[in-house]
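Me: I'd like to go through this structure with you, starting with the overall fold and then moving to a single residue.
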Amino acid sequence: MKHLLLVLLPMLLLTTCDKEVDNLSVDSLTADWQLQEFSITRASSGQEIFKRGDKYTWLLLDADGTYARNFVTGSWSLDGNTIKVQPLPNTGARALDYEVLSVSDEQLTVRYLTTAQECNCGLESVIPGSEQAFRTDRFLKR
């Protein structure tokens, strides 16, 4: 019975998460979002290695397809459950694909693939700078 529960529980959790992003639309994402916390998880093992509150980052997704993350601006689009952001040229920022994990009227949780070096979190002593990791951001509507 325990083995059956161990198999069914992850499937139930994945199904629950999928339902949160089934009806994803530009309208459901358009808002001024304030970061509450972020975490870094090893891509290879799924092990969370860092988590911190942060209220200094904001993400503005406008209905006209423009975005701003702090002082980097550009365009954004929705492709399935992925927010694709393209910074304006000469900003020094790279294009990112944010996987939407959940969205509600008040909260947005996304993740994207990065490295310790790119996320500039001082994690190089914990994981090599070039090792891939997921950064998960939890935003609240401002």
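Me: How many helices and strands are there in the protein chain?
Reply: The protein chain has three helices and nine strands, where helices (H or I, at least four residues) and strands (E, at least two) are DSSP runs numbered from the N terminus. This is a predicted model, in which local features need pLDDT of at least 70, side-chain atom pairs count only at pLDDT 80 or more, and totals for chains, interfaces and linings use all residues. Residues are numbered from 1 along each chain as its sequence is written, and side-chain values use heavy atoms, with hydrogens and water left out.

Me: And in what order do the elements run?
Reply: From the N terminus on, the order is α-α-β-β-β-β-β-β-β-β-α-β.

Me: Switching to Q34, where is it, and is it buried or exposed?
Reply: Q34 lies in strand β1, which spans residues 31–42, and Q34 is buried, with a relative accessible area of 14%; buried means under 20%, exposed over 50% and partly exposed in between, using a 1.4 Å probe and protein chains only.

Me: What does the side chain of Q34 reach?
Reply: The side chain of Q34 comes to 3.3 Å from the backbone oxygen of T57, and it also makes a polar contact with the side chain of R142 at 3.1 Å. A polar contact is a pair of N or O atoms within 3.5 Å; within protein, one must be able to donate a hydrogen and the other to accept it, and residues adjacent in sequence count only if both atoms are side-chain atoms.

Me: Which residues is Q34 in contact with, leaving aside neighbours within four places in sequence?
Reply: Those are K55, Y56, T57, W58, R138, F139, L140 and R142, with contact meaning heavy atoms within 4.5 Å.
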